[in-house]
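Please look over the sequence and the structure below.

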Protein chains: 2
Amino acid sequence: METMGRHVIAELWDCEFDKINDVNFIERTFVEAALKSGAEVREVAFHKFAPQGVSGVVIISESHLTIHSFPEHGYASIDVYTCGDLDPTIAAKYIADALGSKTREMTEIPRGMGPVRASKPLVTANA
Amino acid sequence: METMGRHVIAELWDCEFDKINDVNFIERTFVEAALKSGAEVREVAFHKFAPQGVSGVVIISESHLTIHSFPEHGYASIDVYTCGDLDPTIAAKYIADALGSKTREMTEIPRGMGPVRASKPLVTANA
């Protein structure tokens with residue numbers, strides 16, 4: 001399997017309190033987001049915090065989706081990391097819409113591109 | 001709970017094949033890494049792939065630790081995300097050492113810093 005992957009970091013603000021505080025809704029949304037991306041779901045683990053907030057993960061054959069929600073701040077912190085030919089932005093956008101986020105910032109980070117090694121300079125000066 | 005968090009992305013290369021292909025060793029290492037950081041473990045889910053490779057997560061009260069390993073490439077893709085006063089670099093370094101990584105790149109990304117909003121320009125030109 002190739003190491004290359006795409007990791008979307010989604011900072012979702014102005015989300016709906018009731019949605020990002022509902023562990024069952026979030027779990028369903030995340031599994032659905034994974035399936036819509038064409039991913040194969042392997043493990044699902046979600047946790048509800050008291051008095052509020054949800055953390056959880058869907059492990060897919062192609063990496064993972066995670067959430068940490070802070071309903072009192074309208075904030076949900078999302079990661080969607082996919083390997084292979086999958087497009088992580090499909091799941092990230094599906095989740096952002098489902099959680100009712102009105103302010104969203106998404107950043108994509110390449111993963112597994114290979115170690116940075118000291119390389120020969122492209123241009124050398126003659127002494 | 002405050003939304004601010006620190007997310008370390010660790011690209012671990014030149015890891016030991018047997019270590020990054022051993023789901024039990026990886027699970028123990030990740031739980032230990034979480035505890036060494038002072039985190040509270042909430043959920044643990046790890047998956048072994050055939051013919052090789054491990055994916056998994058430790059959900060902590062303060063966010064999460066994840067891994068995806070590619071033993072045939074000596075590569076392990078790690079995320080350590082912590083909220084509160086925890087230092088994610090403690091767990092990231094512990095994991096990198098435990099997996100025998102000889103080439104490692106770590107990048108820290110701030111999370112939950114607040115939405116970017118259009119602000120008034122600091123300097124305005126008079127017409």
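Two strands count as paired if DSSP finds at least two bridges between them, strands being DSSP runs of E of at least two residues, numbered from the N terminus. This is a predicted model, in which local features need pLDDT of at least 70 and side-chain atom pairs count only at pLDDT 80 or more, while totals for chains, interfaces and linings use all residues. Residues are numbered from 1 along each chain as its sequence is written, and chains are lettered from A in the order in which they are written.

**Strand β4 of chain B and its partners**

- Strand β4(B) and strand β5 (residues 75–83) of chain B pair in the antiparallel sense over eight bridges, and Ser69(B) has Ala76(B) in β5(B) as its bridge partner.
- Four residues lie between β4(B) and β5(B) in the hairpin that they form, and Gly74(B) in this turn has a positive phi of about 65°.
- Strand β3 (residues 54–60) of chain B also runs antiparallel to β4(B), joined to it by six bridges, with Ser55(B) opposite His68(B) of β4(B) and a hairpin of two residues linking β3(B) to β4(B).

**Burial**

- Because eight of the eight residues of β4(B) (residues 63–70) are buried, this strand is largely enclosed by the rest of the structure; buried means under 20% relative accessible area, with a 1.4 Å probe and protein chains only.

**Arrangement of the two chains**

Terms used
Heavy atoms only, no water. Buried < 20%, exposed > 50% of the residue type's maximum accessible area, 1.4 Å probe, protein only.
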